[in-house]
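Subject: Structure for you to look at

Hello,

Here is the structure I said I would pass on. Please open it first and keep it to hand while reading the notes below.

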Amino acid sequence: MRRQYAPTLAGFRVGLSGAMPDRQDLEEHGWSELDIRTAVAYVVEAVLRRGGEIVHGNHPTYTPLIQAMARQELGRSERGGRKQVRMYVVGPYIQVVEVAQLCAEHSDYADIELVGPWDRANLSESERAAGRKEWLRVMRQRMSTYADVLVCIGGKGIRPDVPIPGVLAEATLMGEREKPVLLAAAIGGFAQSARELLPRLRCDNGLSGEENERLESAGDPSEVTELIIQGLERLWATSLAPQPAALEPHNVDLACRLLNLETTIASMDKAPGPTGSKDSHLQMIQGVIDRMGQNSFSLKGWATTVVAGLFALAASDSQPKVSLLALPTLLAFWLLDAYYLRQEHLYRALFDQVRLEPAPGTDYSMDASGFSVRYAERFWSFSERVFYLPLLALVLLLFAVLTFLS
Amino acid sequence: MSEVTDSISLYVAWDAGEAADPKDAAWARDLIRELEILLPRMVGDRLSDEDQPRIIPVEGFESLPSPESFGALSVLLLVTPSRERGFAPAAAERLRALAADAAEAPVWEGRILALGRTPGRLPAPPPLDTLQGISLPDLSQDRVTEVATAALINASLRLSRDSQASLFISYAHRDGWALAEALSEGLRGRGFRVFRDENRDSDGMTSIPAGNSTQEVIQANILSHGFLLLLDTPEAEKSTWVREEVNTAFGYLLPLLSVVVESPPGESKVRQGGRFRAVRELEREVRLSSEALGYDKTPALEIAVEKALPEIATQAVEILLEHLRSRRRLIHGSRQRFETLRYSWKIHGKDRFQFAAERPTPRRHVTKRIVVQCSPYPRLLRPVVGSLNDCFRAAEVPFNWAVLVHNALASQDDENEALGDHHFILLLRPHEIAEEAFP
């Protein structure tokens, strides 16, 4: 029998960052690499058991752990069809064959987002390095936009070839977005490189100053997990419902589709700078538009079901007033439906912009916030009016009939 | 016999009595003296004071420890008698019992290390005649280090897995077969249990999807051993099979050591840490020249392996001791948490890390009793649940709860299968030990 947990992190998008600290740092602080790995495994498990989502950037040491834990927890918590892990993959770090491997090996538990074009053999070393650097930056930005909070476990210090350690870069981005960061095993070189940032990160992350200090130095994976979960649960409780899912190009299906289409990424030759195939970018945008359309359709289905259910309840108990509950419910569905419709139109505008762009390359941007589509217009659009107004009229009519009969 | 604990215990046993060779006793005492100097140096502060290995002399085979008193992390270093002298029937029976693991066949290697004082003493007399043993013509520091290394590895592997644990060699057939073969032989000669998958890896596979039977085979293989020795060759990097083995070892928290073989001449030097990005983070490697590549054993390969063996053994011990320390946190952490909840804590079962936690309740003369089993190994889930169930049912004073504290990863199906009808057994991580877990 397993201990059961309430969904105290339901829908919370927990970013996971980290790197194995240098061996010397580990030894000095009484840690071993197994402690770091165990801490990662425990935290992933605890977050998933409480209904949270893990967001990560395909760190080679941590990915197998996340995979093992996520598979262990598969089907154990209800998450409304959403996958429990979101994995960002920086395209230029992998070759095309590895994209297929990623799809096959991780899509059962994770949504995979490929950021940037994959590596190609004909690139020079400098082009490759520039492409990687640029797309890593983009990936970090996307990850920090999507995640509600960042948990860092371990981390390396400044090295000759890495002037800004990855964990520090990711924590800084979260800080800039005023999102909370929890730092565990912040020891040795990493602690030194982050010493200016640490006091800022310790603020408003759900833990007290003393708890933060314990988290940074605790040598026991269980203690680390306990503190992190405490912090996350407090944050979740104060922020209550997390924001609706960010509108990102989604998942492995897309990456696989790109492969099937054998799309070539032509403009990587011009690196540095984010340039890629317009076709694949249009595919990505189309994916989002499809998803929005599907959301609208599902909402309409749900609206009808809920109204029918309420009427069945009202009729069976001879309580006509119950049927009036359908009015605010329908209104809520209408508002949400209009929201998705607006999003769809925003992405249609983005699609047109990319389509009509004269330059051959693209930066794969999925930012559609710059377009102007008025919410009120979508709310009062023909497809919405024709569906919701008759439904509202029907509610009032049935209410009158039920009142008359009772 | 001294009190049994769950720390590493090395029993050094020799033949005694009137007809025994008197040189055996003197030699065994010298060995103990050397080990007493060497072990603290090897272990250092990798283990806490209470976890430091203990050496227990056993004078005469009739005093061999009973299976009940032979702790979970015990290893018997046995000075083999001559074949003519052999073992008395009672001693042979005791040896069989010590090597037996639950209902399974005897596990000689790992629990018992046969030490041959002179060349004629190996192989040992029956029933240890199938054991390879370690030949010790002298007690030089190198030789004693070999024995201590083998004993520490065999003991600490057991806390990683179970009593059949061994070093699992992961390699690509195409350019690592000869090296894997030479390393297996060399390591076996040093008293290690080694497993090498003889099946040709499916290098042609481009990926191993979730739930695929290949993945299940790999997982079963890796999880039944305690330590992954990765032969990092150019072909291994391309092998989906090897990559899956490395990922499984990482995902299931197993210790891992990489033997990096340089690429053939003319190709660029392999970077520090090897070809696998995940493994590079561990900052450990043993490096061999490109002469070790290939499908055929060559004299150059054998020389390279012979040179590398001590380094592999030393690094393996370091890694295993680190893991041992971390694994023992499961026990220390559980104890601490129960004590915070005001439970008393004492050893209950001698072999498999079983403890009894007790606390008086507000009701007079009523005590809350919990039998706690700490288990860090996924593969042991089923036998451990069985042993916990036996303990729960057979207790003279009944327990209120049976708690299995573990850091294993297991699918829901595995757990359900292991738990069977024992739904009263509660599975917990150490940080999940809380008042509300067992009301």
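Please bear in mind that this is a predicted model. I begin with a pair of helices in chain A. Helix α9 (residues 209–217) of chain A and helix α10 (residues 221–239) of chain A have axes that come within 9 Å and cross at roughly 140 degrees. The crossing of α9(A) past α10(A) is left-handed. On the α9(A) side the residues involved are Glu211(A), Arg214(A) and Leu215(A), and they meet Val224(A), Leu227(A) and Ile228(A) in α10(A). Sorted by class, this contact has four nonpolar residues and two charged ones, with no polar residues.

The overall figures for chain A are as follows. Chain A contains 15 helices and six strands. It has 406 residues, of which 45% count as buried. Among contacts in chain A with a separation of 6 or more, 81% are accounted for by residues 24 or more positions apart.

One helix of chain A deserves a separate note. Helix α3 (63–73) of chain A is largely enclosed by the rest of the structure, because ten of its eleven residues are buried. The buried residues of α3(A) are Thr63(A), Pro64(A), Leu65(A), Ile66(A), Gln67(A), Ala68(A), Met69(A), Ala70(A), Gln72(A) and Glu73(A). What do the buried residues of α3(A) pack against? Within chain A, they pack against α2, β2 (53–56), β3 (85–90), α4 and β4 (110–115). Chain B takes part as well, through its helix α7 (240–251).

That leads to the contact between the two chains. It takes 35 residues from chain A and 36 residues from chain B. On the side of chain A that touches chain B, at least two residues each come from α2 (33–49), α3 (63–73), α4 (96–106) and α10 of chain A. The residues on that side of chain A divide into 14 nonpolar, eight polar and 13 charged.

Now chain B. Its secondary structure comes to eleven helices and 15 strands. Of its 439 residues, 46% are buried. Residues 24 or more positions apart make up 71% of the contacts in chain B with a separation of 6 or more.

Chain B has an open sheet of five strands in the order β2-β1-β3-β4-β5, with parallel pairing. At its edges are β2 (54–59) and β5 (134–135) of chain B, each of which pairs on one side only. Helix α1 (residues 22–43) of chain B packs on this sheet, where it touches β1 (9–14), β2 and β3 of chain B. The direction of α1(B) makes about 160 degrees with that of β1(B).

Two of the strand pairings can be given in detail. β1(B) and β2(B) pair in the parallel sense over six bridges, and Ser9(B) has Arg54(B) in β2(B) as its bridge partner. Together with α1(B), these strands make a right-handed β-α-β unit. Strand β3 (residues 74–79) of chain B pairs with strand β4 (residues 112–116) of chain B, also in the parallel sense, over four bridges. There, Val79(B) has Leu115(B) in β4(B) as its bridge partner.

Regards

How values were computed: Residues are numbered from 1 along each chain as its sequence is written. Chains are lettered from A and ligands numbered from 1 in the order in which they are written. This is a predicted model: local features need pLDDT of at least 70, side-chain atom pairs count only at pLDDT 80 or more; totals for chains, interfaces and linings use all residues. Axes are lines fitted to C-alpha atoms, for helices over the stretch in contact, and angles run from 0 to 180 degrees between N-to-C directions. A crossing is left-handed if the near helix is turned anticlockwise from the far one by less than a right angle, and right-handed if clockwise. Two residues are in contact if their C-beta atoms, placed from the backbone, lie within 7 Å. Ala, Val, Leu, Ile, Met, Phe, Trp, Tyr, Cys and Pro count as nonpolar, Asp, Glu, Lys and Arg as charged, and the others, Gly among them, as polar. Two strands pair if DSSP finds at least two bridges between them. A residue is buried if 20 or more other C-beta atoms lie within 10 Å of its own, exposed if 12 or fewer, and partly exposed in between; C-beta atoms are placed from the backbone. A crossover is right-handed if, with the strands pointing away from the viewer, the path from the first strand over the helix to the second runs clockwise.
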